[in-house]
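Have a look at the model first, then read on.

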Amino acid sequence: MRQRLLSIAGVAQVIPIGGEQRQYQVLVDLPRLNATGLTINQLEEALRQSNLNTTGNFFDRNGSEVLIRNLGRLRSVEDIENIIVSYRDGSPVTVKQVATVQFGGRFKRGDGSVNGQPAVILSIEKQPGASTPELTRQIEAALADLQPSLPADVRFNTRLFQQAEFINASLTNVEEALRDGAILVVIVLFAFLLNVRTTVISLTAIPLSLLVTALVFKLGGISINTLTLGGLAIAIGELVDDAIVDVENVFRRLRENRQLAQPRPALQVIYEASSEVRNSIVYATIIVVLVFLPLFALSGMEGRIFAPLGVAYITSIIASLFVSLTVTPVLCYYLLPKMKMHAEQDSRLVRWLKAKDTRLLSFGFRHPKLILGTTGLLFVLAAATVPFFGTEFLPPFNEGSLTVNFSAPAGTSLAESNRLGTIAEKQMLQVPEVAYTARRTGRAELDEHAESVNNSEIEVAFKTDAELEKAGLERREKDVILTDLRQRLSLLQGVSVNVGQPISHRLDHLLSGVRAQVAIKVFGNDLLELRRYANEVRDVAATVPGVVDLQVEKQVQVPQLLIRPREDAIRALGLPRGEVVQDLETLFQGAVVSRILQGQQSFELIVKLPDSLRADLNQIAQTRLETPSGGFVPVSAVADVSYEPGPNTINHENTQRRITISANVAGRDLGSAVQEMQRRIREQVKLPTGYYLTYGGQFESQQAASSRILWLSLFSLGGIFLVLYAHFKSWLLVAQIMLNIPLALIGSVAAVLLTGGTLSIASLVGFITLTGIASRNGIMMISHYIHLVEKEGESFSDQMILRGSLERLVPVLMTALVAALALVPLTLAKDAPGKEILYPVAVVILGGLLSSTLLDIIVTPVVFRLLGRKALEQYRQNHSAPALTASLDAPPFTPLTDQNPAPIIH
């Protein structure tokens, strides 16, 4: 079976747990071995030399070459029993006279069960790059083919844990969010444009951008997964932004052109209209890409998680820019000029928005201090709120299954661990939502995740919605289920329980070496002192609200059988120091002396003591050792044999001894819980010189990643400033554009506050993304002011600022709304698989876009009215624009007043 599964392309490892590997065992009878005067070394050598095949070369037989083979391989238990070990008084001594030979299982260091019943667990691992869902289907098909060849009472259960279920659920949820976001984009576009052709032209950017992205993924060998789809879901609203700006400007210019007495050629109008917004589109996209670059500098787990999202986002945004510069103008030329410009004016929605915006701007121009003061106060309040937010590394996944680490006291036997594990499984099966439990107790030493037999790992699979409905049950909230599970397991006294999820537990183990969110490591020299201080830390941590699954690493004193050679005795007899311990290793651990072949199977031939004699101290003490002179002495003559307590394990890190206290956090954010834990431990636990503690796990990773993102974001902001300055050549204009970033912070902070007040690395990724998106509106607005003054002969005045603001109102609102509303599906059902990691990103961007757009409509014109003349003067000096010089040299403008109202510009 194992070989059949390993033959499937993509399977890396098949680990059977709970089954016994069979072997031929020679169980030494020490009294009879000692009575014959033989040593364990002689028995080993006799067995080793009696299981050989050799060759005798060739000979010529009547012109034919004949191969000579000497077949001495053992074939059965009887063959092993009849091996002659030595001769005593002229009579042979065979193996069966000094040992019992049997075909049996290896000494077990692990076991398995399903729903409390004995079972063999097959843990199948895939190779990197293999598709988990596809590989799962192939494995299930292979197991179905194997089923007829198995005994009638053996059945496969593939529902215990499949990572493919989480992946498929995640992909489905993100695909639905992507679809729903695209539908909302269509609705917004049509509501503003109220025109099928302009809507179709704008929407063309979505499939074409996704197609280009898919081609790039194919060429780059990038897989379609939850995070790449998440990047597309976040970008879906922005894919039409460039096209919207182009189409809206072309549509408006064509309508204005038709109202002229002598309309110009449509091709010329379209070319000029596209050129008018081209720089804004290009620079806005460059900035969006630039701010995302810090994601690729993230190291560790967070870098591996968010890098695919960044690749998908950037690729699709660049593709949309390419479409807007090439395909969109062409479609405008073919579809718009011959279209009937019905009503020759804006839609009712647009007219209403412009009327409201005109009144708002008139108020803002009359009361600039009120507008800017209120905005500044909102920003200060938002910035002051951030330090009080809770923190976490990553949002908790909803994997649809649990992993329970179950640890009995150190020194607990495998049989006792099995009994306790079975009780734990039965307790968990009483939880209504639990369908299956699969327990793995202990792991062999050669396993890459070796565990002692007192440790168990239990996978818990939940019932499907259909199964719950059939049973007349409703699925409870995840937190309620976990609380119920912990309460049932708390009935087992003296057992440490850690409840988590399969992928999350492995990520925690990767971060800190323990399967928990928080790892407190105490370092020092003395093991007894380390245990004492670790227990003090645990007692203090237990008083912190929200801390669960608290446990100290099992470094305790356990009974040990110690055999210490006596230096004077072995020197007097001339015995090599290692011979005593080597012989005893053979008796207790067992020594593989050869292998017996049966067809395609190979079995170990092992020499060891029978289990019944392993605890007989007197028999061990009387085991005979051969001296160099040919005599024999018992072990007791050259070594002290006794039971004494000793440490079950000694762990080191950075060359120092350490002990770990692990914990999870439930019901509150990770950052505040760890900070409170640190404060209380610092106040109540006093460590002497030479002893210290560190905090690891998700908390440490969150702090490191947050710090790295902060510094890299500062470089991105510097890059944004340089890119904008390279275009505008005016730091005042650049500052006004970047003013949108703090405006966006106001809404994003409010959104985080309303959704729980917890910041994670995913939230910071949302802030990064928002920085680029928010700058787009400022670029569009400021660029249009410059265009009106430089290209259309407008003088710097309230009327010019009002006209520019109203003409850019529709594209600003449309681009912001489609980008924001496309994220709404990601903010619904935040605990759904696949959406957990995208939910904080979407919340931050959605809140920031709403605030930056609404405030930008009033704040940017007001600020430009105050600083615009000086900013345009800087622009003129660096661009040498004669038309701009004439407009700035015009008489000062007349401000808008109640007696001089602003007209509504269509």
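Asp241, Ile773, Arg776, Asn777, Thr815, Ala816, Ala819 and Leu849 line the second largest cavity. A cavity here is a set of points on a 1 Å grid over the protein atoms alone where a 1.4 Å probe fits but cannot get out, and lining residues have an atom within 4 Å of a point. Keep in mind that this is a predicted model: local features need pLDDT of at least 70, side-chain atom pairs count only at pLDDT 80 or more, and totals for chains, interfaces and linings use all residues. Residues are numbered from 1 along each chain as its sequence is written, and side-chain values use heavy atoms, with hydrogens and water left out.

**Second largest cavity**
- Its volume is about 40 Å³, taken as the space filled by probe spheres set on the points, with grid points joined across faces, edges and corners.
- H28 and helix H29 (798-821) each give at least two lining residues; helices are DSSP runs (H or I, at least four residues), numbered from the N terminus.
- The lining splits into four nonpolar, two polar and two charged residues. Ala, Val, Leu, Ile, Met, Phe, Trp, Tyr, Cys and Pro count as nonpolar, Asp, Glu, Lys and Arg as charged, and the others, Gly among them, as polar.

**Largest cavity**
- There are two cavities of 30 Å³ or more, and the largest has a volume of about 60 Å³.
- H28 brings the largest share of the lining of the largest cavity, four residues.
- That lining holds three nonpolar, four polar and two charged residues.

Methods:
1 Å grid on protein atoms, 1.4 Å probe; cavity = no way out; pocket = protein on both sides within 12 Å on 5 of 7 lines; lining within 4 Å.
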